[in-house]
Protein chains: 2
Amino acid sequence: MTVVSSGPVADLVAELGDAAVIDSDTMIAYTRDQALLCPSGRPLAVVRARTVDHVVATLKTAHRHGIPVVTRGAGTGLAGGANAIDGCIVLSTEKLDRILAVDEQSRTATVEAGVINGDLATAVAARGLWYVPDPGSRAISTIGGNLATDAGGACCAKYGVTGDHVARIKAVLADGRIIHTGAVTRKNVAGLNLTRLLVGSEGALAVIVEATVRLRRAPAHTATVVAAFSDTVQAVDAVLAIQAVADPSLVELMDRTTIAAVNDMTHMGLDETAGALLLIQCDGDAAEAEAQRSADACRAAAATELHVSTDAAEGDALMQARRVALTALERRGSTLLDDLAVPVPRLPHMLDAIARIADRHRLLIGTFGHAADGNLHPTIVFDAADPDAADRAHRAFDEMVTRCLALGGSITGEHGVGGLKRRYLEPMIGSVERSLMRGIKAAFDPTGILNPGRAI
Amino acid sequence: MTVVSSGPVADLVAELGDAAVIDSDTMIAYTRDQALLCPSGRPLAVVRARTVDHVVATLKTAHRHGIPVVTRGAGTGLAGGANAIDGCIVLSTEKLDRILAVDEQSRTATVEAGVINGDLATAVAARGLWYVPDPGSRAISTIGGNLATDAGGACCAKYGVTGDHVARIKAVLADGRIIHTGAVTRKNVAGLNLTRLLVGSEGALAVIVEATVRLRRAPAHTATVVAAFSDTVQAVDAVLAIQAVADPSLVELMDRTTIAAVNDMTHMGLDETAGALLLIQCDGDAAEAEAQRSADACRAAAATELHVSTDAAEGDALMQARRVALTALERRGSTLLDDLAVPVPRLPHMLDAIARIADRHRLLIGTFGHAADGNLHPTIVFDAADPDAADRAHRAFDEMVTRCLALGGSITGEHGVGGLKRRYLEPMIGSVERSLMRGIKAAFDPTGILNPGRAI
């Protein structure tokens with residue numbers, strides 16, 4: 001037990017009681033997210049806020065003492081955006097976990113930042129409603145974290161990303177003042193769009209404590225197509241052909257390396273002779289017709305195997321193969337997971353570049369991702385205990401991002417900049433644009449205490 | 001012909017040649033938008049930019065001399081956001097009118113700011129693609145203006161507003177530097193969302209000169225429902241019931257006053273005994289089934305008349321009744337057009353308040369709008385030559401906005417703040433939030449020359 005009698009930590013303990021954690025053993029669990037290779041520091045204290053007042057008190061204290069604050073939800077981030085900085089306060093919103101209201105007629109839900117995405121989805125599903133955003137982490141990640149990273153997922157091609165489903169945000173500024181952004185109405189053009197500015201700002205502008213999100217009617221039907229191709233070029237041809245005839249809710253891709261890893265783990269018996277597998281889902285009144293047209297498009301693109309299912313449970317089981325892709329690859333070694341996005345027609349160039357980079361650096365790279373969005377997660381598998389392998393892995397990572405930029409892509413489709421992608425930000429967005437972002441940060445957080453060095 | 005030998009006007013003429021207009025007769029056409037009751041000033045000069053270089057030169061000159069710049073597209077705005085300020089430069093982007101590229105595979109188009117929305121829609125329709133945003137002005141308004149106001153339209157309930165369809169923006173800062181925001185990829189979380197910040201900023205942050213917008217596959221089918229109700233409460237009941245069983249692309253409402261005005265003008269023979277009319281369109285593979293379910297919902301909500309059509313031409317003709325609503329009301333006198341948005345379940349309260357306000361001030365108010373979004377355009381018709389009537393009209397306008405705020409609504413759903421809604425902005429968004437917006441403006445435009453007093 002650490003005893004502290006004065007200074008910022010004493011202030012936190014005095015104001016927050018047991019919401020302030022200064023015990024090292026407990027703090028260790030709050031020092032990093034899931035970007036395991038990103039550096040993290042040692043926090044001064046961890047605050048597990050249970051109320052908005054706790055957040056306000058934390059920020060006022062941090063502001064007064066000029067201490068950096070790293071906000072985190074469930075810590076499932078993949079870019080190091082929630083990793084502690086030496087001497088910071090880690091502010092966890094995970095215990096702000098109340099669903100405050102569900103309005104069936106307006107189809108909105110108001111939730112605290114720490115509500116788990118999947119818990120919200122389950123709660124509204126009981127009323128025939130659907131919270132759409134489906135990041136891979138949805139079972140364990142929070143709405144606040146999803147907003148802070150503008151989390152993507154599988155069904156973005158049809159339904160958009162997290163930011164497309166938020167109406168209002170309540171947040172606390174660096175100095176402890178509370179703001180409300182947006183409007184509950186579907187249309188609102190009053191003033192600048194602060195809501196979309198907070199979304200994806202990785203805790204660098206304000207601390208999101210509450211949000212009103214939009215819900216949809218749950219689709220009546222879904223239909224699933226699984227298609228195998230001899231190589232990834234044909235699979236991408238199929239994606240483009242599908243998009244010309246249907247609006248699938250998702251089109252997921254797995255390459256040969258990923259297929260083998262998934263089979264090893266699950267014994268699902270996926271076709272290991274295939275160079276690439278597509279999982280396609282269509283939903284709504286015309287789900288079956290759209291799935292059939294999608295299957296026809298796959299056939300025309302030389303699919304070697306095709307399976308169409310209108311059974312929701314079977315569709316879910318098939319999607320499970322894709323969901324476990326990262327876990328399956330992690331069983332083969334340490335992983336360095338990337339998150340690149342290119343225009344869909346350029347996917348073959350990106351996939352080809354990944355294959356060449358893997359060969360050149362003698363690395364295993366399994367690639368899976370959201371083909372309909374051009375959003376790939378090439379995952380470098382290597383032996384972290386071997387310094388040479390680690391070095392090759394980092395070089396390969398660097399080369400993939402560089403190639404993605406040359407193809408007109410984004411350095412991060414859905415994971416965020418965090419610490420992992422910081423050095424690629426300015427090459428992508430430009431120096432004038434970055435200085436504008438710094439100016440915006442200064443307007444929100446003039447003393448620069450909120451997640452310094454992240455997002456921007 | 002005015003002759004000027006030194007100062008900002010001389011600089012503009014020297015740098016821009018005939019793109020700089022200083023002839024009073026020509027300038028008069030560029031002094032105001034369609035918000036006829038908003039004040040406008042007398043510009044120093046008008047620049048009709050034909051190239052991005054013209055925009056850069058204009059802004060550098062304005063910046064050097066500290067002269068306000070009011071940017072305008074086609075001048076179809078309805079909030080006075082493009083009205084000239086005394087001594088300003090009016091910068092028109094209407095001649096930046098090239099469609100630079102249409103990428104069928106990525107389903108994007110890159111256009112200059114002055115391209116007319118309808119021209120873009122027609123150009124991409126020839127390739128089976130669809131530019132979705134459909135503000136009422138689409139035949140005559142520009143993409144740049146649509147972006148600057150985040151223009152809405154009819155099909156936003158299903159497809160979102162202008163900002164939901166833009167991938168990248170090229171803009172010129174107040175000091176003449178060029179920026180690029182966003183990414184062409186569907187997913188991109190690299191840095192703060194400058195794209196959504198520029199959208200709706202009414203020319204107060206930067207001058208939009210080019211954009212890459214997203215296109216969709218054109219829907220294969222559409223189906224239209226017309227339903228009459230004895231009063232607006234039943235019509236709103238129907239809207240809620242429809243949204244529980246279908247995803248209509250649009251649900252438009254006209255009240256009794258509007259119906260009569262449209263009949264007078266068009267002799268369409270709409271049911272004048274009705275208290276409200278709904279026009280509903282569904283699109284996509286299941287258009288007919290969705291329209292049928294929507295019609296059933298209207299019947300259950302006591303529709304007095306119902307007509308379902310799967311003929312696209314007939315659907316378009318029916319929509320024409322809604323499109324001419326404002327023109328029809330304008331034939332009855334001067335109009336003061338409002339743009340309020342409330343949550344759909346609160347539409348009856350808003351409509352009731354409008355009726356009471358009309359009675360109290362002895363005014364004719366015709367209300368039409370986008371019922372699926374809760375976005376209403378109550379239109380006060382009065383004799384502008386009668387000072388008492390004008391006074392009552394302005395008081396009624398004020399009371400409607402105040403009531404809308406009390407109902408949790410937005411002071412502007414799709415027209416923007418401009419000059420018209422400026423005094424309601426802070427009551428809606430809050431003073432801390434407004435100071436953040438001012439801080440953001442200062443980061444973009446430190447000397448405050450871009451559309452000062454508008455948007456924020």
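Contact here means heavy atoms within 4.5 Å. Keep that cut-off handy, then select Gly366(A), which sits in strand β18 (residues 364–370) of chain A; helices (H or I, at least four residues) and strands (E, at least two) are DSSP runs, numbered from the N terminus. Leaving out residues up to four places away in sequence, Gly366(A) touches Asp255(A), Thr257(A), Thr258(A), Leu329(A), His377(A), Pro378(A) and Thr379(A). Gly366(A) is at 0% relative accessibility, so it counts as buried; buried means under 20% relative accessible area, exposed over 50%, partly exposed in between (1.4 Å probe, protein chains only).

Some housekeeping before moving on. This is a predicted model, where local features need pLDDT of at least 70 and side-chain atom pairs count only at pLDDT 80 or more, while totals for chains, interfaces and linings use all residues. Residues are numbered from 1 along each chain as its sequence is written, chains are lettered from A and ligands numbered from 1 in the order in which they are written, and side-chain values use heavy atoms, with hydrogens and water left out.

**Zoom out to chain A**

Colour chain A by secondary structure and you have 16 helices and 19 strands. The radius of gyration of chain A is 22 Å, close to the 23 Å of the globule rule for 456 residues, so the chain is as compact as a globular protein of that length. (The radius is taken over C-alpha atoms, and the rule is 2.2 Å times the number of residues to the power 0.38.) Along the principal axes, the C-alpha atoms fill a box of roughly 70 × 60 × 45 Å. Buried residues make up 62% of the 456 in this chain. Of the contacts in chain A with a separation of 6 or more, 71% are between residues 24 or more positions apart.

**Two residues with positive phi**

Next, pick Glu202(A), in the loop between α7 (194–198) and β10 (207–214) of chain A. Its phi is near 50°, a positive value in a residue other than glycine. Glu202(A) is buried, at 8% relative accessibility.

Then jump to Asn451(A), in the segment after α16 (431–444) of chain A. Asn451(A) is not a glycine, yet has a positive phi of about 40°. Its relative accessibility is 0%, so Asn451(A) counts as buried.

**Across to chain B**

Show both chains and select the contact: 75 residues from chain A and 75 residues from chain B.

Now go to His165(B), in the loop between α6 (156–159) and β8 (166–172) of chain B. His165(B) is buried, at a relative accessible area of 6%. Beyond its neighbours within four places in sequence, its contacts are Val132(B), Pro133(B), Tyr159(B), Gly160(B), Val213(B) and Arg214(B).

Last stop: Gly128(B), in the loop between α4 (117–125) and β7 (129–130) of chain B. Gly128(B) counts as partly exposed, at 40% relative accessibility. Leaving aside neighbours within four places in sequence, Gly128(B) is in contact with Arg216(B), Arg217(B) and Ala218(B).
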